[in-house]
Amino acid sequence: MDQLKDIVFPGDVIAKEEEYVSGRNTQDVDGDVISTAFGKISRDDKSLVISVNTTRQSVPLKKYDIVYGKVIKLLNKEAIVLVSGFILDGKLIPANTETRIRLPIPNKTMYSHILTLGDLVRARIISTRPSYSTIFDNGLGVLKSRCTVCRNELTLENGKLTCRNCGRVEQRKIAPDYGNINILGDNHERS
């Protein structure tokens, strides 16, 4: 399980500026070193530099694989997700592919109660040619989201996603571990 603590998503705080200097795929924000990419943390304790390695493997996704990615485009009834990783034999494997999520809505102006651009999601592959996935099963959904007005991170408070900056309340189809991501949580094994 210690290996999983080294896997990070964009926006995760990985160190304090007093501890490490930011390296590849990181940046300094308000005293914290933040990951700007999905990958594995690399610490150089001699020079005190912390980086995120984003090595990608071209492994084909299979039906029922659990994938992690970011919503990069919204079409009329679909969202396109850039897959950054998937679970294989109990380990998170970096990836670089796309999948689509069918949205049960009449048009893209009504999607924001399910997901929106930039959301980080956990999905299950339901077909591979073409690649489609779903977030509508137990344990799946949005893991991190940002306010559609000011782009600050939304926090889960009393069952609602709230922006601490502007006070906006939004809805998404959230995963049970929204904001406190459990990558290898229960019921996410390969079938």
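Modeller: I will begin with the charged pairs. A salt bridge here is a side-chain nitrogen of Lys or Arg within 4 Å of a carboxyl oxygen of Asp or Glu. By this rule the count of salt bridges is 9. The model is predicted, so local features need pLDDT of at least 70 and side-chain atom pairs count only at pLDDT 80 or more, while totals for chains, interfaces and linings use all residues. Residues are numbered from 1 along each chain as its sequence is written, and side-chain values use heavy atoms, with hydrogens and water left out.

Biologist: Which residue meets Lys144 in a salt bridge?

Modeller: The N to O distance in this salt bridge is 2.3 Å. The pair links distant parts of the chain, 132 residues apart, with Lys144 in strand β13 (residues 141-144) and its partner in the loop between β1 (7-8) and β2 (13-16). Strands (E, at least two residues) and helices (H or I, at least four) are DSSP runs, numbered from the N terminus. The partner of Lys144 is Asp12.

Biologist: Is Lys144 buried or exposed?

Modeller: Buried means under 20% relative accessible area, exposed over 50%, and partly exposed in between, with a 1.4 Å probe and protein chains only. Asp12, at 16%, is buried. Lys144 has a relative accessibility of 12%, so Lys144 counts as buried.

Biologist: Which residue forms a salt bridge with Glu78?

Modeller: The side chains meet at 2.7 Å, N to O. Glu78 lies in strand β9 and its partner in strand β10, 22 residues apart.

Biologist: Where in the chain is Asp137, the salt-bridge partner of Arg124?

Modeller: The salt bridge of Arg124 and Asp137 has an N to O distance of 3.7 Å. Arg124 is buried at 12% relative accessible area, and Asp137 is partly exposed at 33%. Arg124 belongs to strand β11 (residues 120-128), while Asp137, 13 residues apart from it, is in the loop between β12 (131-134) and β13.

Biologist: Which strands stand at the edges of the open sheet?

Modeller: The open sheet has 3 strands in the order β14-β15-β16, with antiparallel pairing. Each edge strand has a single partner strand, so one side of each is left without a neighbour in the sheet. The edge strands are β14 (154-157) and β16 (169-170).

Biologist: How many residues of strand β9 are buried?

Modeller: Strand β9 spans residues 78-88 and pairs in the antiparallel sense with strand β8 (residues 66-74) over 7 bridges. Strand β9 also pairs in the antiparallel sense with strand β10 (residues 91-102), over 10 bridges. β9 is mostly covered, and its buried residues number 9 of 11.

Biologist: Which residue takes a positive phi in the hairpin of β9 and β10?

Modeller: β8 and β9 form a hairpin with 3 residues between them. The hairpin of β9 and β10 has 2 residues between the strands, and Gly85 stands opposite Pro94 in β10. The residue with a positive phi, near 55 degrees, is Asp89.

Biologist: What separates the C-alpha atoms of Ile93 and Ile7?

Modeller: Ile93 is in strand β10, and at 13% relative accessible area Ile93 is buried. Ile93 and Ile7 are 86 residues apart along the chain. Their C-alpha atoms are separated by 9.8 Å.

Biologist: How many strands does the chain have?

Modeller: The chain has 191 residues, and 43% of them are buried. Its secondary structure comes to 0 helices, and the strands number 16.

How values were computed
Two strands pair if DSSP finds at least two bridges between them.
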